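Thanks for asking me to look this one over. Here are my notes, in the order in which I would open things up in the viewer.

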Amino acid sequence: MRRRTPTCGFISDFIIMRLSLASQHLLVLLSVLSLTNPSSTTTTDPSVNTTTTTAQPWTAPAVFYPFGLAAGDTEHVETGGESYYSVGLSTPFKFFGRTYNQIYVNYNGLLTFNVPSTSGPYSPTRGAEDFIAALWNDFDDDYSGVFSYQQYTNGSVLTRATQDINQYFSQVNINAAWVFVVTWRYALQPDPAILFQVVLISGSGQSYFLMNYGDCAVLYGQLEAGYDTINSTSYFVIPDSTNGNYQNLKNTTNVNVPGRWAFNAWAAPAIFYLFGSAAGDTEYSLTSDEGYVPVSFSIPYTFFDNTYNSLYVHFNGLLTFNQPEPASGPNYNPTRGAEDFIAALWSDLDDYYSCFFSYQQYTNGSVLTRATHDINQYFPQMNFTASWVFVVTWKYGPQQNPAILLQVVLVSGGDLSFFLMNYGDCATISEQMEAGYDTINSIYHFVIPDSTNGNYQNLKNTTNVNVPGRWAFIAGNESVTTTPTTTFPSVDTTTAQPWTAPAVFYPFGLAAGDTEHVETGGESYYSVGLSTPFKFFGRTYNQIYVNYNGLLTFNVPSTSGPYSPTRGAEDFIAALWNDFDDYYYGVFSYQQYTNGSVLTRATQDINQYFSQVNINAAWVFVVTWRYALQPDPAILFQVVLISGSGQSYFLMNYGDCAVLYGQLEAGYDTINSTSYFVIPDSTNGNYQNLKNTSNVNVPGRWAFNAWAAPAIFYLFGSAAGDTEYSLTSDEGYVPVSFSIPYTFFGNTYNSLYVHFNGLLTFNQPQPASGPNYNPTRGAEDFIAALWSDLDDYYSCFFSYQQYTNGSVLTRATHDINQYFPQMNFTASWVFVVTWKYGPQQNPAILFQVVLISGGNLSFFLMNYGDLAVIYEQTEAGYDTINSIYHFVIPDSNNSNYQNLKNTTNVNVPGRWAFIAGNGSVSTTTTAQPWTAPAIFYPFGSAARDAERLISGDEAYESVALSTPYTFFGRTYNSLYVHYNGLITFNQPQPASGPYYYVTRGAEDFIAPLWSDLDDMGWMGKYWYQQYTSGSVLTRATQDINWYFPQMNFTASWVFVVTWDFVATSDVNSFIHHSAQAITFQGVLISGGNLSFFLIHYGDCAIIYDQVEAGYDTINSIHHFVIPGSNVGYSLPNLKNTSNVNVPGRWAFMGGSENVVGLQMRLQSFSDLTKKEDIETVLQQIKQELVNRELSSSVEMKLRKIKKTQP
């Protein structure tokens, strides 16, 4: 067998068959058409004796892990574009100090973790992201390809990974628990011209990755292989990848295995200061049990009043100053006060893990700069400059991937001293442990909470400075003060009776069963998961941050000091927001309740303060702050969150308040400050009087309703100046006259009817209580915001207002241009109508319609909030007279209506946006005949095409092809052109629109733009023509060779089909495209054994129906969806998209002849000079090949017969 050098992404194998007879011999040259090669090397048949000498099937180099469909991979065929796929990882992967739960596999040879990739590389050291560049290049500009991936958690792949890593990293002992293999193949499948692979491996708390290289064909443009990290703390570039010698990558290695590079992906978290031999540290490994090393300081260090010239670094995670500590682990929590120490993580670690520690002192350089920056960030009032830094780091377990990592950084400058404690991973510890600090006589002491409660492995996520894994402390005493006095403010007492909180306070503290945190400084906070979600002014939260500085935040933890609400950066409740930690020690405590007397009390309080509501509290969260002089606090305040009956409220309770320093504030704010309030006395210097203030006539208490409409809603209600109505009769409605006429799908109206049942009608009121038909019957023009018999079950209010100037028009203009960017729209009139059902302060059902017009354009928005249970038929959408235009929001009529607040057609949850114009919505300003974009091949009557008027009813036409066309391995002599924008090959497609996304693989098709276009009521035509000669073939030849330059292609046949739809019934408007239009084209091209197809896009209006563009094949071996084509509102952008850098054009290879063969000796008693006998032999060969797992679609063709002498 002779194999021709592969070119153009296809393999051509020629078969020489020597056929011998008693009287004559024939040399037969055959080609087998198939998508797969036979896997066998010999053939036998009862009637055909065969001997083969074929080459073995292609196999990847031995360094490669299994890949492809045969290995069970998920596989993506790519023919262009900077595409990527997000893959959720079944096991988190640690990559140089950061842990990821997902990865982006990019077609351009890149793995990224935090963001998908751009098209081309940059040299690592820029540090914008974490990535592994297997071979980063703009492959899609030159090659089609495949990438595939798979995760493994058991089996032989893990065994192999374990062996590989232990071989390359001899000091480690890993048992791989998870492996992720991703492989890229470009051109000439299954014998790829470019092949490379990345293998991620994790286990035993360690992480590694391999990079494997096979052949690499010529590449164009910049390329790179290696890895980089955020801020480039770790990075590497494989040398031959950037110096033009990339084709040699299969011979390069860093582990003495040609084609393989292996890397340890471990690095300390970014919070760690540099350490180890690379930083020039002095290093020690454990030489004796409970060992320590004395270290002399180059500059004295003050630790809480005592100044030291040295310290003792212990193997057990302890630093002591006045003496070494002989105890292996903490025999007491700080408070006994026998010595000055810092416990980074004090435990008998050396009994379980090998231990290394390293240290270094600095008096100049970048480390001092970093320390200065860190201290000023955490203690901004200090204006500090570091003059000395001491860094000590402990590593336990494998040195290349330590199981336990911790660090202490001592910092001093001037008369100030500080220390940082940094935490990385922490493996299982089987002894008592503790982290914190203590001083002689325990005047100053602190225990990091999670270090002693069994949750020590979470230390890397804890902090007191809002930097996970870091704790920062000031190590000075009276020399470090920001107050004019060294004594705390006190509270006058005139009685010896035990102190009690004011009666407005809900129970709190340890006696009430609270979780309690003692704070001695720092801007600390605690994240609390809520057992019941809490709605706060339109947003629902499942957690809350309780901040030491008197603040509750929802979306992010707090910074130290306040700002005046109205800036709107976050949702928060400021009970009393101040930098308390600069002046007072304190305690805050909290507890959640779902039953009992606290709920009873909350129910009574809310029903008392908000008389129009009827709430039964189902959940209460109480958080209380106390500062100074426990248990008789100098400062006391409390917040109580309450929810139930679909409503949410909060109380703020105030007791005594001692002198405070710095800015302070009490109140609340929301994102964008749509709702906010500041308690007056909190910001005017009269904060000590808060215990006497109230908005509910109860001194010391403020009560607030936390309900608000979602942010998507336009302002409504009495506060917005709306006209309001409450239900006065069953199935009532109110007529409203417009100040400016409004056009609704071709009909212009001067008024409408607002119905209590969630309906807007234009031409007449609608007497039906609920939807008696889905839109399509077309008796009237209407918008069904949410049409149901709501008034039978809920009290109802609706309100409306028209606007012709002001901020509402500005907002509407912005919204419409965001959703319909091609319109360049300016709103001149807005009508907002809002329905509320149930309690008015916390409506159970809320929705809104916004009509918008300007110039000759009109639109409408539909906004949805909460939707309680509805006991009747429901529907949301719109319809027009004769149902020329209609739409039903899917979840509105399928019992999933309560989810409407999460649905959208414009990527804004709860909002649906529609254009309401028809022929009046013109996109042209000229009477000249419309012309298609230059990318379109000639079409229409001028091109002498066959022309068809689209009349509806899912019609199609069968077209016999003058030249067979091969589509991904199957050859067709005809095709079906569908009115709905579809081309099928093996059968017509009766479905009106795409009833599945590509990948279901029921048939071969090309979908230039598949939707229910023929039902839209627009005028439409399509044209088609086949070419076998002339300028069209010349153009096709040029186009294909431009996009696929390696093919040396000559077109011999072209089929052009063009669809054109215009939103009009007027022929003149159709000709001139003087209304919204949708125009697209498919071009099929073949020549030799190659086939291609192009898809072209002109103007494409928005489609409010399922839509899709791309192609699919039987069994979806090959499939593709053009990005953005399956979202109706994105269609106007199709004319700007491309995979060949020509806006509006997509080009694809449709397959070729795979010529597969073998040499054999045949013995036959048939006369092989006769054609019929040869055909019989060919069928026998075919059957033998099929028996040996070649596809049954294989075709045997006689190419040549030559007589030879015996």
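The points below go through a few local features of this predicted model.

1. Helix 1 runs over residues 156-168, and its 13 residues reach 18 Å from the first C-alpha to the last, close to the 18 Å expected at 1.5 Å a residue. Its buried residues are Val157, Leu158, Ala161, Thr162, Asp164, Ile165 and Tyr168.

2. Next, please have a look at Ser358, in strand 21 (residues 355-362). With a relative accessible area of 4%, Ser358 falls under the 20% cut-off and therefore counts as buried. Its side chain makes a polar contact of 2.8 Å with that of Asp281. Leaving aside residues up to four places away in sequence, Ser358 touches Phe275, Gly276, Asp281, Thr282, Glu283, Val391, Val392 and Thr393.

3. Two hairpins follow one another. Strand 41 (residues 733-744) pairs with strand 42 (residues 747-755) in the antiparallel sense, over eight bridges, and Val734 stands opposite Val754 of strand 42. Two residues lie between these strands, and Phe745 in this hairpin takes a positive phi near 50 degrees. Strand 42 also pairs with strand 43 (residues 759-761), again antiparallel, over two bridges; here Tyr753 has Thr761 as its bridge partner. This second hairpin has three residues between its strands, and Gly758 takes a positive phi near 85 degrees.

4. On aromatic pairs, the count comes to 135. One of them joins Tyr548 and Phe588: the ring centres are 6.4 Å apart and the planes lie at 45 degrees, so the pair is tilted. Tyr548 belongs to the loop between strand 30 (539-547) and strand 31 (551-553), while Phe588 is in strand 33 (residues 586-593), 40 residues apart. Both residues are buried.

5. Phe967 and Phe1093 also form a tilted pair, at 5.8 Å centre to centre and 45 degrees between the planes. Because Phe967 is in strand 53 (residues 956-967) and Phe1093 in strand 60 (residues 1090-1100), the pair ties together parts that are 126 residues apart in sequence. Phe967 is buried at 0% relative accessible area, and Phe1093 counts as buried at 1%.

6. Lastly, which arginines lie over tyrosine rings? Arg160 lies over the face of Tyr65, at 4.2 Å from the ring centre. The charged end of Arg811 sits over the ring of Tyr714, 4.3 Å from its centre.

Methods
Residues are numbered from 1 along each chain as its sequence is written. This is a predicted model: local features need pLDDT of at least 70, side-chain atom pairs count only at pLDDT 80 or more; totals for chains, interfaces and linings use all residues. Side-chain values use heavy atoms; hydrogens and water are left out. Two strands pair if DSSP finds at least two bridges between them. Helices (H or I, at least four residues) and strands (E, at least two) are DSSP runs, numbered from the N terminus. The expected span of a helix is 1.5 Å times one less than its number of residues. Buried means under 20% relative accessible area, exposed over 50%, partly exposed in between (1.4 Å probe, protein chains only). A polar contact is a pair of N or O atoms within 3.5 Å; within protein, one must be able to donate a hydrogen and the other to accept it, and residues adjacent in sequence count only if both atoms are side-chain atoms. Contact means heavy atoms within 4.5 Å. Rings of Phe, Tyr and Trp (its six-membered ring) pair if their centres lie within 6.5 Å; planes under 30 degrees apart count as stacked, over 60 as edge-to-face and the rest as tilted. A charge sits over a ring if NZ of Lys or CZ of Arg is within 6 Å of the ring centre and within 35 degrees of the ring normal.
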